[in-house]
Amino acid sequence: MTSSQLTKIMDKYSDVIKLGLQIRRVEEKLLELFDEGELNGTIHTCIGQELVGPFLMKSLTEDDFITSNHRCHGHYIARTSDLRGLISELMGRKSGVCGGLGGSQHLWHHNFMSNGIQGGMVPVAAGAAFSFKLQGVNNIAVAFIGDGTLGEGIIYETFNLCGVWELPLLIVVENNGYAQSTCTEQVFSGSLKTRAAGFGLEYAKATTWDLDCLSEVTASAVMAVRTNRKPCVLEIETYRLRAHSKGDDNRNVEEVLANTRMDVLTQFIGSGIPEISELLAIIDSQINEIVHSSRADEPATAVPLFEGRLLNDVEYLNILPESENIKLNELIYGCLKERFSEDGRYVMIGEDIEHVTPWTPCAYGGAFKVSRDLSKLFGGRVTNTPISEAAIVGIGAGLALTGMRPIVEIMFGDFITLAYDQILNHATKFCSMYGKPVDVPLIIRTPMGGRRGYGPTHSQSLEKYLLGIPDLIVIALNSRIAPAVIYGACFENKRPTLVIENKVMYTRNLKSSPIHGFSIEKSNEQYPTLRITPHSDTRPEVTVFCYGGTLEEVEKAVQLAFDEYEICCEVICPSAISPMNYWPVIDSVVKSRNLLVVEEGSTIAALNSELAAVILEQGISMHKFARIGCDATIASSAEIERIQLPGARMILAKLREMMNE
Amino acid sequence: MSDDIVKIVIKKENVSDDVYAIHRHYSNGDMVHAGSVLATYETSKSVVDLEAPSDGVVYYNDFEQEEVRPGFILAVISKSGRLVADAFDAGDGRQADNHMPDDIPFGKGPRISRKAQELMTAHGLDAEIFAGRAIVRENDVQDYLAKVASTHGNSCIAGSTNAVIVVGGGGHAKMCIDVIQQSKQFTIRGIVDPNLTVGMMVCGVPVLGGEDLLEGLLAKGDLFAVVGIGAWSNCVAREKLYQKLRGIGFLVPNIIHKSAIIEPSVTMGAGNQFMAGAIIGSDAFIGDNCIFNSGCIVSHDAMISDNVHIAPGAIIAGKVTVGANTVIGMGVTVYEKISIGSNVIIPNGVNIFDHVPNNAIIKR
């Protein structure tokens, strides 16, 4: 372009061009710092793609919610102008926007968050959009992704959901033609336009080489989403002028050069226009000053570790018989109903949870009848979803980040693996990875466990795969502590909470019957530990640890162990299994010197291993240690299932073996 | 079955329930008509009415059951009004676990183990004597018997006395006799030893005769017997005698010299003998039929198995484990947390710093 053409562009889009040049110079500086060894890890620059963010941000408000990806520096600067926070962050300084914890890919600012997992932030943005819809505000959500993300299934789950729910979500696909080193042409079938159309989404397209088009299309796409309250896919063709990250460019050099020559900002920088040179000098000096002062800043400091706890201020109180012939699924329903009526922020989403719908006139209310008529009582806040476990957990996280109190029901615990990335890399990560506490009050409810004949993929107890995830609280309901107590505590959480509801318990009543010769006690912890202990005149000989659905089997076994073999057991059954207070177990093992751990999941690297390790760490000498679980593929056959799962008979046999009876 | 009888079977209504609460609406022998609601049952999802398929007389199966399982024959309709014997066959539904009780009922008074109950029955004891206790084991009953015997002599328990028989009449028996006499817990009936002359006195106690007398003495009401033979490399003989006495039906009490110091937190079985000056530390665990000889020290948290002999002056440090039938010689010291196997012999005066495997014979 000629100087006069460039000047015209400058006159027309001066703010955008200035912001674009700022992003360009910051990223070039970051590459320089990387070369000099001043940055830890790698960086993904958006050099060549800078103008997308600035054009879009012109139409967005402070209250719109934006998610970005690994290539997020440009979006962040366009949104916040916070060069200092960004540069210090990448230099690993405490003064960085995320205290040096997030680094290049994990940035947070009011209503802006980025993460490095491809596509994973799209349902989170959809959750924010759902939140805006429920709150009746005019805000929209924007999710930036690249063409490389078009192979990720979760974005299509989200396309479907935001289409069917008419969510104000703008999905911006920056198509630079390459996924890291792989050409999109090699791995992409069909067209994005028809993919969007397949989900009934609006589609718009622009390029970074035609600024008038880019300006007009970005503005109109934002306007359409805001006005029509419907989602839209906006594809922006662009080109990345530098490597995916560092030293990994395998593209045709001629192609890169040709695109560099076409690039508007490159032309500005090489134009020699005095006004531009002067602008660049100001930007460079500002950046140099920031780098200089960041160098003097305090390095990032350690963040608190995920706590494994030993809190000894535990007191036990006898559980008073409560009563009532109410089944567990009704009790859970009861406490949800109470909460929903008290607090309008509560939302529940899940598969098959609605009562009646315009399409299905007969009542349903959840596969295990927990939600019952909540959809009728709290219209719009209790909603059926498609079978999309990953997306609905992501949407839950988005709702939680934007002022709602979501509860996501996963119909069978076996399906939680589909949402694992959303739990591990998204919802829980948000709490700490931005260097400041971010509240994610998300509750995920799911049934685990066998004894129903549902076979290998609907009977498992997979909670061990979710233990020890930083910032995830894992709770297991049992048959003696009222769900209202446990859920009451969960409702106060600011971190993601997974509640395991063993599926055989749903149709059984909460137990309040005493056990002859034993005291049944509940601790004063936030999530109470249940202790079943021989009355005080007898010292227990074996501590039996269990949680959730195994409690009922353990109760039978310890009674028979006493009656038939004079083995005196103390049962410790916590409600919170991660993080867990190990003290009640330690306290019991110190007395008994023998520990049997009963779990329904597989035994390797599970809670039993953890308890053995903690007891060793504490230097407590144990006489016998044993564990029971299910290390097989769970059969559908009732006979085989009975042999496989740890039932009272198996527990009793193990107790006899331990005590040489 | 004839066409006269129509079975009304509980069907599985949904995947979530094993049992349904049932409400019956007629009495046995009532006349019903096709479409009459015989019963209503509740599932977690809905309430289901069971209708009579035809006219006839209704007979319900097991009126007591308030909850029924799918497959249960709830009732039959007899068109003729007659009920045939096999009407309810094969209608019991499926059980949750055929091998384990579904729920164990809550009893009154203390929870008594099977072994304890058997011993109580044998001695005509009633559960009331353990009022206030939560659970009762065989040991508790034995303790009770011993206590009553020492307090009330012959009179309290049917056929029981506080007299004890010392089996064996050698040097070890002499020690036992002194311990028993000083503790005043028992009176000594006499000594049973085939190798000694009947009527001769050992420490003032008469020899009664050979072991063939034992059953007769028990039958007369002498409940207690003490193993009066020592154990230097002779644990097996002591164990055999102990088992024999138990097998006959004797109670073998722990005997404790008045100068022995046993911390209250120690747990012990039966038949143990604590000689003068023995010290047993806190939280130690002791099996059955062991000898803790004069002046030995067993420190805290030690685990001593059955038939162990700790000879005079031996010192066992804290958290040491000693397997069954092991002999630890005079003046031996055992270092902290050491594990000594079963059937081990450690000669006098040795210092043990390493774990000792089963069956080892340590040489000086």
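## A tour starting at a buried glutamate

Start by selecting A:Glu174: with 5% relative accessibility, this residue counts as buried (buried is under 20% relative accessible area, exposed is over 50%, and partly exposed is in between, using a 1.4 Å probe and protein chains only). Before going on, know that this is a predicted model, where local features need pLDDT of at least 70 and side-chain atom pairs count only at pLDDT 80 or more, while totals for chains, interfaces and linings use all residues. Residues are numbered from 1 along each chain as its sequence is written, chains are lettered from A and ligands numbered from 1 in the order in which they are written, and side-chain values use heavy atoms, with hydrogens and water left out.

**Stop 1: around A:Glu174**

Colour strand 5 of chain A, residues 169-175, and you'll find A:Glu174 in it. (Helices are DSSP runs of H or I with at least four residues, strands are runs of E with at least two, and both are numbered from the N terminus.) Which residues touch A:Glu174, once neighbours within four places in sequence are set aside? Among them are A:His75, A:Phe144, A:Asp147 and A:Thr238, where contact means heavy atoms within 4.5 Å.

**Stop 2**

Next, show the open sheet of 7 strands in chain A, which has mixed pairing and the order 2-3-1-4-5-9-8. Look at the edges: strand 2 (108-109) and strand 8 (202-207) of chain A each have a single partner strand, so one side of each has no neighbour in the sheet. Two strands pair if DSSP finds at least two bridges between them. In general, strands of a sheet pair through backbone hydrogen bonds, either parallel or antiparallel. For a parallel example, select strand 1 (residues 65-68) and strand 4 (residues 141-146) of chain A, which are joined by 3 bridges. Zoom in on A:Ile66, and opposite it in strand 4 of chain A you'll see A:Val142.

**Stop 3: a helix and a loop**

Select helix 3 of chain A, residues 73-80, and pick out A:Thr80. Is A:Thr80 buried or exposed? A:Thr80 is buried, at a relative accessible area of 16%.

Then hop to A:Glu463, in the loop between strand 14 (443-448) and strand 15 (473-476) of chain A. A:Glu463 also counts as buried, at 4% relative accessibility. Leaving out neighbours within four places in sequence, A:Glu463 is in contact with A:Met448, A:Ile500, A:Tyr547 and A:Ile577. A:Met448 is 15 residues from A:Glu463 in sequence, and their C-alpha atoms are 8.0 Å apart.

**Stop 4: zoom out**

Show chain A as a whole: it has 22 helices and 23 strands. Of its 661 residues, 60% count as buried. Its C-alpha atoms fill a box of roughly 100 × 60 × 45 Å along the principal axes.

Finish by selecting chain B, with 5 helices and 32 strands. Buried residues make up 47% of the 364 residues in chain B. For contacts with a separation of 6 or more, residues 24 or more positions apart account for 38% in chain B and 79% in chain A.
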